[in-house]
Amino acid sequence: RSTLADANRNHDWRIYADFAQVLICRARKLYANESLAVELEQTVYALDATTIDLCLNLFPWAKFRRRKGAVKLHTLLDLRGNIPCFIHVSHGKMHDVTALDHLPIEPGAFYIMDRGYVDFARLHRFTTVAAFFVVRAKRKLDYTRRARRQVDRSTGLRSDQTIVLAGPKSSRLYAEPLRRIAFYDVERKRRFVFLTNNFALPALVIAQLYKCRWQVELFFKWIKQHLRIKAFYGTSDNAVKTQVWIAISVYVLVAIVKKELRLERSLYEILQVLSIT
């Protein structure tokens with residue numbers, strides 16, 4: 001354990017980050033033709049963040065709260081194969097929306113985000129580079145309705161509107177029209193309101209796209225449970241980032257093995273077989 005701790009402290013974490021990027025490029029090519037839950041030709045990404053708790057006595061540089069340490073893992077997941085293609089490790093206090101400043105935006109792609117990423121100055125960047133976003137709207141959004149379209153309420157849709165922001169600050173930061181879609185999930189008995197800058201797709205497809213965002217939550221759960229990312233060898237910032245990127249590399253390697261060998265087993269089962277062998 002001490003040997004691993006020394007190695008993780010001394011070897012630059014960027015070595016492992018660069019290696020992971022090579023693997024990610026290879027995996028994305030393998031999964032490029034993978035089907036999505038919705039019929040769509042464009043690339044679809046899900047963006048979210050998860051907090052990894054740390055002991056403040058051992059990791060004093062990662063102060064999160066008064067008696068608690070943490071780092072945050074900001075992840076952009078390519079939903080064709082659920083491959084993580086952008087990872088940013090930050091201190092626990094960094095707000096989720098700040099990750100948008102580091103995010104490379106691909107023209108024509110769709111980015112699915114939760115309401116924590118509603119920042120109209122940052123969302124306008126997607127529109128500027130001809131990319132699309134689907135984000136859950138915050139409550140008490142100040143807007144003016146410009147137009148509305150008929151919806152089939154039997155599908156769960158409640159409204160499909162063209163709006164402009166009416167708040168003094170938000171209207172200045174995002175002056176273009178937005179699309180506001182309300183959807184009622186019968187299974188969960190919850191009402192969702194989405195904002196998007198895409199006016200071409202059917203409203204139901206927009207709602208289905210947001211449902212795909214759950215894949216990034218499953219990714220966080222998988223990687224924490226099965227790759228032991230909560231137990232760190234070494235207490236330095238470099239050691240933590242090293243182990244995170246090694247975990248990402250293992251995840252992507254298993255995804256590559258699964259595709260190249262055309263295995264029917266799940267990623268977890270394959271990882272178990274490899275670890276026992």
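**Cysteines, charges and salt bridges**

The sulfur of Cys 25 has its closest cysteine sulfur in Cys 85, 9.5 Å away, which is too far for a bond. A disulfide here is a pair of cysteine sulfur atoms within 2.5 Å. Let me say at once what we are looking at. This is a predicted model, where local features need pLDDT of at least 70 and side-chain atom pairs count only at pLDDT 80 or more, while totals for chains, interfaces and linings use all residues. Residues are numbered from 1 along each chain as its sequence is written, and side-chain values use heavy atoms, with hydrogens and water left out.

Back to the cysteines. What about Cys 212 and its closest cysteine sulfur? That sulfur is in Cys 85, 15 Å away, again too far for a bond. How many disulfides does the rule give? The count is 0.

Now, are these cysteines buried or exposed? We call a residue buried under 20% relative accessible area, exposed over 50%, and partly exposed in between, using a 1.4 Å probe and protein chains only. Cys 25 is partly exposed, at 49%. Cys 212 is buried, at 13%.

Next, salt bridges. One needs a side-chain nitrogen of Lys or Arg within 4 Å of a carboxyl oxygen of Asp or Glu. The structure holds 14 of them. I will take three.

Start with Arg 9 and Asp 6. Their closest N and O atoms are 3.1 Å apart. Both residues are in helix α1, residues 2-10. A helix here is a DSSP run of H or I with at least four residues, a strand is a run of E with at least two, and both are numbered from the N terminus. Arg 9 and Asp 6 are 3 residues apart, so about one helical turn separates them. Arg 9 is partly exposed at 45%. Asp 6 is partly exposed too, at 34%.

Where do they sit? Glu 34 is in the loop between α2 and β1 (44-54), and Lys 259 is in helix α7, residues 237-260. The pair therefore ties together parts that are 225 residues apart in sequence. Glu 34 is partly exposed at 27%. Lys 259 is partly exposed at 30%.

Lys 72 is buried, at 11%. There is also a network: salt bridges that share partners join Asp 48, Arg 213 and Glu 217.

On to the surface. Which residues gather in a patch of positive charge? They are Lys 63, Arg 66, Arg 67 and Lys 93. Lys and Arg count as positive, Asp and Glu as negative, and His and the chain ends are not counted. Patch residues have over 30% relative accessible area and no salt bridge; like charges are joined within 9 Å, and nonpolar side chains (Val, Leu, Ile, Met, Phe, Trp, Tyr) within 5 Å. Each charge is placed at NZ of Lys, CZ of Arg, CG of Asp or CD of Glu. Areas come from the Shrake-Rupley method with a 1.4 Å probe, and for residues, only the protein chains shown count as cover. Look at Arg 66. It is in the loop between β2 (63-65) and β3 (68-78). Arg 66 is exposed, at 70%.

Last stop: Ala 17. It lies in helix α2, residues 13-30. Ala 17 is buried, at 8%.
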